[in-house]
Amino acid sequence: MMCLFLLHLRRKNIILTLLFLTSRIAYTQLMNSECILSRFGLVLVRIRMIGLNALLFIQGRMLVEGTQESTTIDVYLALIFARVLAGVGTYPLQGDFPEVIEEYLDHGSTKCIAFNRRGTLLAAGCNDGRCVIWDFETRGVAKELRDNECSSPITSICWSKCGYRILVSAADKSLSLWDVLSGKRITRIVLPQTPLQARLHPGSSPSLCLACPLSCAPIIVDLNTGTTTSLTVSVSEISNGPSSASRNKCSDGITSFTPTAACFSKYGNLVYVGNSKGEILVIDRKDGEVRAMVPISGGSVVKNIVFSRSGQYLLTNSNDRIIRIYENLLPLKDEVRALDGLSENLNDLSGVEKLKHVGSKCLTLFREFQDSITKVHWKAPCFSGDGEWVVGGSASKGEHKIYIWDRAGHLVRILEGPKEALIDLAWHPVRPIVVSVSLNGTVYIWAKDYTENWSAFAPDFKELEENEEYVEREDEFDLIPDTEKVKGSDVNEDEEVDIETIEKDPAFSDSDMSQEELCFLPATPSRDVTEQQEDKFVESSSKLVDSNNSGSPLSEEAGPNGHMSNHASSPVEDDAGGTRIKRKRKPSEKVLELQAEKVKKPSKSSKSSKSKSKSHVDQDNNGNDFYGDEISGE
């Protein structure tokens with residue numbers, strides 16, 4: 001035993017000695033290099049090497065003595081300090097996540113947001129029941145969907161896979177499916193309870209959606225027929241039978257539950273449900289049978305559950321303030337068949353034990369994220385587009401903080417916004433951009449803080465830190481340099497280049513896509529008013545001015561020349577040259593009706609009064625068009 005103990009100590013000393021010698025060799029090479037040009041640089045390198053020595057020593061001690069779970073808090077603090085001194089606190093992929101607020105969008109009070117599949121369009125649900133679609137490239141409003149039957153706040157919004165449909169859930173217990181191109185509502189279904197979240201089936205032509213009501217079990221809704229199917233939210237319902245589910249009833253006769261989170265798998269064959277007992281249930285979408293169960297440590301309520309874009313990882317947000325990442329062990333397309341094979345191999349087990357054993361073969365815990373100091377609750381956690389980053393918003397009141405981790409579990413950035421609570425956020429499917437929504441309804445766009453690099457525009461340009469003596473090449477100014485003579489052209493000039501076929505991106509192309517994706521909404525520009533129409537418009541407006549001055553109550557407020565005294569309300573203004581109309585406007589329907597009546601019933605006023613009224617309009621330097629004000633006021 002004594003010999004084993006001495007051998008263990010000797011092994012520890014050998015490891016620490018090797019780490020120390022490695023750091024000293026690196027230090028000596030830096031000291032002998034020509035990059036140390038000043039005493040200040042020498043001091044910085046020494047500080048950096050001290051930190052590197054401390055880092056290697058602490059990590060070697062942790063390696064020898066055991067895992068990080070047995071490391072004391074003083075060693076953790078020393079490790080953090082050593083990382084700062086050694087300059088290894090940054091990560092190699094640090095440029096792939098947002099850093100600052102680039103812009104904000106303000107078009108009503110926004111409650112929730114969602115990107116389409118390629119990130120070209122951003123849909124925002126408003127507090128008054130509207131759905132605003134932004135063109136994310138131009139940052140302009142491309143479409144506005146308004147339902148006259150709904151004026152309640154929007155609770156969730158979801159795009160279809162091809163982008164031609166949008167599913168909107170509202171606080172008035174309604175689900176509305178919209179056609180994005182036409183802007184018309186396809187169907188509207190009223191549920192017994194308010195849906196907090198609704199997700200379309202990930203198929204190309206979705207006719208099913210998964211809704212999570214406020215105090216009922218998640219339901220699958222057929223949008224064509226309006227039929228609903230409730231899902232199982234607890235394993236005890238299976239073991240005890242349906243009679244045990246009738247103990248808590250809502251006023252409408254539906255079983256009452258704590259709000260439950262649910263989501264489809266990548267291809268929609270399974271539904272993953274997180275319940276209030278801290279369990280993840282894997283349910284077959286077609287028959288509603290619970291196929292597996294994965295218990296969560298702590299047994300806290302699951303508030304959010306979402307898959308990564310690839311379907312390889314599953315994220316859960318529990319009430320114990322921990323975000324957990326699970327790795328999906330099932331095949332993406334044949335997951336139901338794989339579950340059948342796992343169940344057949346466990347015929348000796350039954351009930352809950354069998355479900356737990358199958359669940360251990362479906363999901364395995366990969367990583368946990370939490371703020372160990374502040375212990376904050378998390379809001380709207382999700383993956384980045386490539387699944388390499390995990391983002392979560394702080395649910396604390398009065399702060400707009402966004403935490404970003406890499407998949408290895410390191411906290412790489414905390415984004416601090418205005419002093420407003422965060423209610424929703426989404427990561428762009430392609431770019432390193434995060435969009436967040438504040439409590440007052442403003443949408444903030446977080447992007448990377450890019451620095452200008454002018455040398456990138458010239459491929460042969462080389463940046464110099466200091467002046468260097470330039471040596472001219474012998475063939476530099478020849479018509480055909482010798483270097484180009486040697487090089488041969490590898491390009492086949494006779495080969496035809498196909499410029500019409502669009503190559504599909506493998507990250508977005510799926511075999512079950514039945515139609516092309518909708519990436520942009522077509523613009524509908526309004527026609528410009530021609531000069532002839534403009535002259536007729538001015539003449540007809542002058543006639544109305546004369547008739548209004550003669551018999552209208554507005555003539556009592558007119559000045560001595562027949563002009564209105566209040567000029568602030570007119571949207572038409574004169575420019576510096578005294579032109580009558582600054583911008584062209586298309587006459588409304590009421591104006592056209594009034595003009596048609598004028599043609600049928602000619603005015604009794606003489607030509608002199610017409611010319612006089614027209615001269616009054618031309619002499620009006622303030623450019624008032626109270627005909628337009630009167631019509632708009634009506």
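**Buried, partly exposed and packed: reasoning through a predicted model**

H357 has its place in helix α6, and the structure discussed here is a predicted model.

Q: Why is H357 called partly exposed?
A: The relative accessibility of H357 is 34%, and the term covers values between the 20% below which a residue is buried and the 50% above which a residue is exposed, so H357 counts as partly exposed. Leaving aside neighbours within four places in sequence, H357 is in contact with L346 and L349; the C-alpha atoms of H357 and L342, residues 15 apart in sequence, are 9.0 Å apart in space.

Q: What makes the length of α6 close to the one expected for a helix?
A: Helix α6, residues 351-362, has twelve residues and reaches 17 Å from its first C-alpha to its last, which is close to the 16 Å expected at 1.5 Å a residue.

Q: How do you know on which side or sides of α6 the buried residues L355, V358, G359 and C362 lie?
A: L355, V358, G359 and C362 are buried in α6, and they cover an arc of only 105° around the axis, which puts them on the same side of the helix. The buried residues of α6 pack against the strands β17 (290-295), β20 (323-328) and β21 (363-369), and against helix α5 (335-344).

Q: Why is S176 called buried?
A: The relative accessibility of S176 is 5%, and the cut-off for a buried residue is under 20%, so S176 counts as buried. S176 is found in strand β8, residues 174-179, and, not counting residues up to four places away in sequence, S176 touches D147, I166, L167, V168, R185, T187 and R188.

Q: Which residues touch the most other members of the largest nonpolar core, and which elements contribute to it?
A: Of the 20 residues in this core, Y272, I280, L314 and L363 touch the most other members. The elements that give two or more residues to this core are β14 (261-264), β15 (270-274), β16 (279-284), β17, β18 (302-307) and α6, with β18 giving the most, namely three residues. Leaving aside neighbours within four places in sequence, L363 is in contact with Y272, I280, V294, L314, Y326, E327 and N328. A second, separate core of 18 residues includes L121, C131, V168 and L518. In soluble globular proteins, nonpolar side chains tend to be buried together.

Q: What does the UniProt record list as "repeat: WD", and how much helix and strand do those spans hold?
A: An unreviewed UniProt entry lists residues 151-188 and 415-446 under that name. In the model, residues 151-188 are 0% helix and 58% strand, with end C-alpha atoms 14 Å apart, while residues 415-446 are 0% helix and 53% strand, with end C-alpha atoms 9 Å apart.

Q: How many helices and strands are there in the protein chain, and what share of its residues is buried?
A: The protein chain has eleven helices and 28 strands, and buried residues make up 39% of its 634 residues.

Notes: Residues numbered from 1 in each chain as written. Predicted model: local features only at pLDDT ≥ 70, side-chain atom pairs only at ≥ 80, totals over all residues. Heavy atoms only, no water. UniProt positions renumbered as here; feature names shortened; annotations may be inferred. Helix = DSSP H or I, 4+ residues; strand = E, 2+ residues; numbered from the N terminus. Buried < 20%, exposed > 50% of the residue type's maximum accessible area, 1.4 Å probe, protein only. Contact = heavy atoms within 4.5 Å. Expected span 1.5 Å × (residues − 1). Arc of directions from axis to C-beta. Core = buried A, V, L, I, M, F, W, Y, C linked by side-chain atoms within 4.5 Å.
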